[in-house]
Amino acid sequence: MIIRIPWLLLLATVFIMTISGNPLFLQQSGRNIKPVIRWRPPMDTWNWTETPRNDEPFFIPSNFTHKLPPSANETELIAHMAALKRNYSRLLWDSDKSSNLPLFVDKALKLLNLKQVYYEVEHSVMSKVSCTACKAGAGLLQHYMRLGKSKEEINKMIYQFCVSLNIQSARVCEGITRLFGSEVVYVLKRITIGPNEICSFVIGDACGDVYNPYHEWEVAFPPVPKPQAKALEPPIEKAPTFKVLQISDTHFDPYYAEGANAECNEPLCCRASNGPALTPGGGAGRWGDYRKCDTPKRTIDHMLKNIADTHTDIDYILWTGDLPPHDVWNQTKEENLKVLQETVAQMSDMFPGVPIFPALGNHESSPVNSFPPPYISSPESNIAWLYNELDAQWRRWLPAGVSHTVRRGAFYSVLVRPGFRIISLNMNYCNNKNWWLLLNSTDPATELQWLIYELQSAEFSGEKVHIIGHIPPGHSDCLKVWSRNYYAIVNRYEATITAQFFGHTHYDEFEVFYDPNDLGRATSIAYVGPSVSPYYDLNLGYRIYYVDGDHDATTRLVVDHETWIMNLKEANLFGYPIWYKLYSARSAYMMPSLRPQDWDAFIDDMTSKEDVFNLYHKHYWKNSPRRGTCDGECRKRLICDARSGRSHDRRALCVHIEARIDGAAPAPQTWRAWLYNGLSVS
């Protein structure tokens, strides 16, 4: 999950400096104004075709016989048994909103206390307010650079305003300024674009689609015609399968302290440094907390042991990133590497002999979201400190031949079985909070061109491919130009790519891809796995997939998937966590199979049937008792997210869905709902 607070603090602080009387506009004159440094990144001469390609099957199956979850047709037969086994207390706590105040009052207070910009940037739901703050902040920073202010002077000024205006605590202001100030100054000194282009790049649609020639590019496809698209048949029933575990966004917090203040005024709470609880019920729970708190070690240990004991027949594991906690103002390279080393050792110990295929999250770097491309070679700025350690740690699971691409850009390709390949992408090169990309966003580390080479080779060899990564390509945190190119790649190789797996959002969701020339024809599906971390208001979860296995007619499609969760409220109340299966996709959503067209039909069902959407909404939140209700705007957003494999393009992908939902008759509104909606608008 992206913590967006660092850039928020820098830009929001300088925004308030602007409205406090400091000059903003860049058209200034004077002898002290320095010109912008004219800088262009060096040419990238890496030849991906000369990189050794892994062509030996890496994974030897354990010949497990997996029992699939019941299909939709079998569901009614076991419904009575499932009801008998259901935990009564779970039904009780699911309806309870766990607040000392009435839910309406509690939400109203939260709305009144939240800074709108802070909320929008943190949740990637932007409006003109965030855009204005971004433009003002970026403009003022560039103005001070033109005046010749040093980075020390700029950092000091940002810190003083951050503290005096109580934007965050003094230590958060100091840490953010120290970690991010120098990087932002370095980048802004070397670009020639202005605030409009910067904020359109960072924020996206809410800041308009500003044309920027430095950030418009297209990948090159080989002169090989796309194979004729064929109707995708469902996997054969009762054929062999692989059982696959996905773990994502663990956010292990080594400083989590039971009973510590969980209601602090910082981006991460529940730590000894936050002091004791100030109110009854304000202390961190033993197994975690719904408030802004990450995962204690005991909870991760319990989860991994439960998985190892419950799912003894796992064939391989997808590990989709985000290991460190959300204390982004207080991190060091050394500490993040320690978290990486400890969690890798923990996974190896708990799953000996099980192949693990990792992907890099946006939190592994320090500062967070900072992933300079290979042309940034200065020792204080380049990312070799992380990629070299990833190579050393991942080598216990991956073949030696992938070392070159891991060290270059933290991506790799592995032939898992004959005819079946896994490609892991570094999605931080599409991260619009990675400010290094403002220098040049053109296919950073040549990753997408390398991906085309791998997919074309796979097509020639008759291989099917699964792609894994962290940030979903359709999420608003993914750069529009990068996402557009990736979407084109998925469309070209739709017959080769049979599934995609991501994390980052912390929710339980999916993204469907469509033919750009026929937005009614679904071509691919991306599964977005739930987070282990409860950050925030969430239960903890993981995914189990059943993938079409080794047989002559294999499709390598996902046959079914299950989400398993831990009810955090019950765990803290009763003193012991219980992990249970929340749902399996085919059974819960009455789907015949999980092909892209089946997911597209499910989106249609959610659009027209409120009860179907409500079930999805419950699973999206991992059955959290704090999930609240989802009004029409919320419903449109979640359904559009599911239809958006391409970021920042809702006008093309979602307009008909929004029209259908808007066309439904509105439900009668209570006076409480009317007042709450009024507060929301204001």
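Is H251 buried or exposed in this structure? H251 turns out to be buried, with a relative accessible area of 0%; here, buried means under 20% relative accessible area, exposed means over 50%, and partly exposed is what falls in between, using a 1.4 Å probe and protein chains only. The model is a predicted one, so local features need pLDDT of at least 70, side-chain atom pairs count only at pLDDT 80 or more, and totals for chains, interfaces and linings use all residues. Residues are numbered from 1 along each chain as its sequence is written, and side-chain values use heavy atoms, with hydrogens and water left out.

Now for the overall picture. The protein chain has 22 helices and twelve strands. These elements are DSSP runs numbered from the N terminus, with helices being H or I runs of at least four residues and strands being E runs of at least two. Of the 682 residues in the chain, 59% count as buried. What about contacts, meaning heavy atoms within 4.5 Å? Among contacts in the protein chain with a separation of 6 or more, 76% come from residues 24 or more positions apart. As for the surface, the protein chain exposes about 28,000 Å², and carbon and sulfur atoms supply 55% of that. Such areas come from the Shrake-Rupley method with a 1.4 Å probe, and for residues only the protein chains shown count as cover.

Next come the annotated sites. An unreviewed UniProt entry places the feature "binding site" at D249, H251, D322 and H506. UniProt positions are given in the numbering used here, feature names are shortened, and annotations may be inferred rather than shown by experiment. Although these residues are spread over 258 residues of sequence, they cluster in space, with a largest C-alpha distance of 10.7 Å. H251 sits in the loop between β1 (241–247) and α10 (297–310), and D249 has its place in the loop between β1 and α10 too. D249 is buried, at a relative accessible area of 0%, and its phi is near 50 degrees, a positive value in a residue other than glycine. H506, for its part, is found in the loop between β7 (497–502) and β8 (509–515), and at 0% relative accessibility H506 counts as buried.

The "binding site" annotation from the unreviewed UniProt entry also covers D322, N362, H470 and H504. These residues span 183 residues in sequence, yet no two of their C-alpha atoms are more than 8.3 Å apart, so they gather at one spot. N362 lies in the loop between β3 (356–358) and α12 (384–394) and is buried, at 0% relative accessibility. The loop between β3 and α12 also holds P367, and the peptide bond from S366 to P367 is cis, with omega near 0 degrees.

Another cis peptide bond joins Y535 and Y536, with omega at about -25 degrees. Y536 lies in the loop between β9 (518–528) and β10. D537 is found in the loop between β9 and β10 as well; D537 has a positive phi of about 70 degrees although it is not a glycine, and it is buried, with a relative accessible area of 13%.

Two threonines are also worth a look. T555 is in the loop between β10 (540–548) and β11 (558–566), and is buried at a relative accessible area of 15%. Setting aside residues up to four places away in sequence, T555 touches E233, P235, K464, T498 and D548. T555 and T498 are 57 residues apart in sequence, but 7.6 Å apart in space, C-alpha to C-alpha. T299, in contrast, is placed in helix α10 and counts as buried at 1% relative accessibility. Leaving out neighbours within four places in sequence, T299 is in contact with W287, G288, L540, M566 and W579.

Finally, how do two of the helices pack? The axes of α18 (residues 596–608) and α21 (residues 650–663) come within 9 Å and cross at roughly 30 degrees. That makes α18 roughly parallel to α21, since angles under 35 degrees count as roughly parallel, over 145 as roughly antiparallel, 65 to 115 as roughly perpendicular and the rest as oblique. The axes are lines fitted to C-alpha atoms, for helices over the stretch in contact, and angles run from 0 to 180 degrees between N-to-C directions. In this pairing, I603, D604, T607 and S608 of α18 meet I657, R660 and I661 of α21.

Conventions:
Contact means heavy atoms within 4.5 Å.
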